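Notebook, one chain, one sitting.

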Amino acid sequence: MTALRAIVADKEIRSNQNQFKSLNPADTRHVIGIFSSADKENCRDACVAARDAFAGWSNTPAPVRASVLQNFARLLEKNKEPHIVTGK
């Protein structure tokens with residue numbers, strides 16, 4: 001199983017040395033996914049990206065934000081197969 005991608009500010013976080021497994025709590029024999037651990041710099045970058053995006057997003061009218069989220073939901077539903085993690 002390959003590590004699942006984490007992206008912060010359009011930059012992929014990938015660490016082959018610092019990874020962790022997420023186990024299915026109902027059956028810990030099944031690995032749900034392998035994730036790269038974030039370090040302090042990754043966390044700082046994520047906070048800066050969120051802060052930078054906040055002003056633009058909060059100034060976007062609610063109907064436009066709703067449309068963006070609904071479109072994302074449709075895209076996720078349409079392309080859900082590659083994103084499903086079963087742990088089997």
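**Entry 1: layout.** I read the elements of the protein chain from the N terminus and got β-β-β-β-β-α-α. That is 2 helices and 5 strands. I took helices (H or I, at least four residues) and strands (E, at least two) as DSSP runs, numbered from the N terminus.

**Entry 2: ground rules.** The model is predicted, so I noted the limits: local features need pLDDT of at least 70 and side-chain atom pairs count only at pLDDT 80 or more, while totals for chains, interfaces and linings use all residues. Residues are numbered from 1 along each chain as its sequence is written, and side-chain values use heavy atoms, with hydrogens and water left out.

**Entry 3: confidence.** I looked up pLDDT, the predictor's confidence in each residue, from 0 to 100. The protein chain averages 85, and 85% of the residues score at least 70. The lowest confidence is in strand β1 (residues 3–4), with a mean of 70, and the highest is in α2, at 95.

**Entry 4: burial and surface.** Of the 88 residues in the protein chain, 14% count as buried. The accessible surface of the protein chain is about 7,300 Å², and carbon and sulfur atoms hold 56% of that. The areas come from the Shrake-Rupley method with a 1.4 Å probe; for residues, only the protein chains shown count as cover.

I also checked contacts, meaning heavy atoms within 4.5 Å. Among contacts in the protein chain between residues at least 6 apart in sequence, 39% join residues at least 24 apart.

**Entry 5: the aromatic pair.** How many aromatic pairs does a search of the whole structure find? The search returns 1. The rings are those of F20 and F35, with centres 5.6 Å apart and planes at 25°, so the pair is stacked. The pair links distant parts of the chain, since F20 lies in strand β4 and F35 in strand β5 (residues 27–36), 15 residues apart. For the rule, rings of Phe, Tyr and Trp (its six-membered ring) pair if their centres lie within 6.5 Å; planes under 30 degrees apart count as stacked, over 60 as edge-to-face and the rest as tilted.

Strand β4, where F20 is found, covers residues 19–24. Leaving aside neighbours within four places in sequence, F20 is in contact with G33, I34, F35, S36 and S37. I took the C-alpha distance from F20 to G33 as well: 8.5 Å in space, for 13 residues in sequence. F20 is partly exposed because its relative accessible area is 42%. F35 is also in the partly exposed class, at 26%.

**Entry 6: salt bridges.** My rule was a side-chain nitrogen of Lys or Arg within 4 Å of a carboxyl oxygen of Asp or Glu. By this rule the count is 2.

- D27 and R29 meet through their side chains at 2.8 Å, N to O. D27 counts as buried, at 17% relative accessibility, whereas R29 is exposed, at 70%.
- D52 bridges to R51, with the closest N and O atoms 3.9 Å apart. D52 is exposed at 52%, and R51 counts as exposed at 57%.

**Entry 7: nonpolar patch.** Which residues form a nonpolar patch on the surface? I found W57, V64, V68 and L69, with about 350 Å² of accessible area together. Helix α2 (residues 62–78) gives the most to the patch, with 3 residues. V68, found in helix α2, counts as partly exposed because its relative accessibility is 42%. Patches are made of residues with over 30% relative accessible area and no salt bridge; like charges are joined within 9 Å, and nonpolar side chains (Val, Leu, Ile, Met, Phe, Trp, Tyr) within 5 Å.

**Entry 8: positive phi.** I ended on the backbone. A9 has a positive phi of about 55° although it is not a glycine. A9 sits in the loop between β2 (6–8) and β3 (11–13), and is exposed at 54%. D10, placed in the loop between β2 and β3, has a phi near 65°, a positive value in a residue other than glycine. D10 counts as exposed, at 78% relative accessibility.

Technical notes: Buried means under 20% relative accessible area, exposed over 50%, partly exposed in between (1.4 Å probe, protein chains only).
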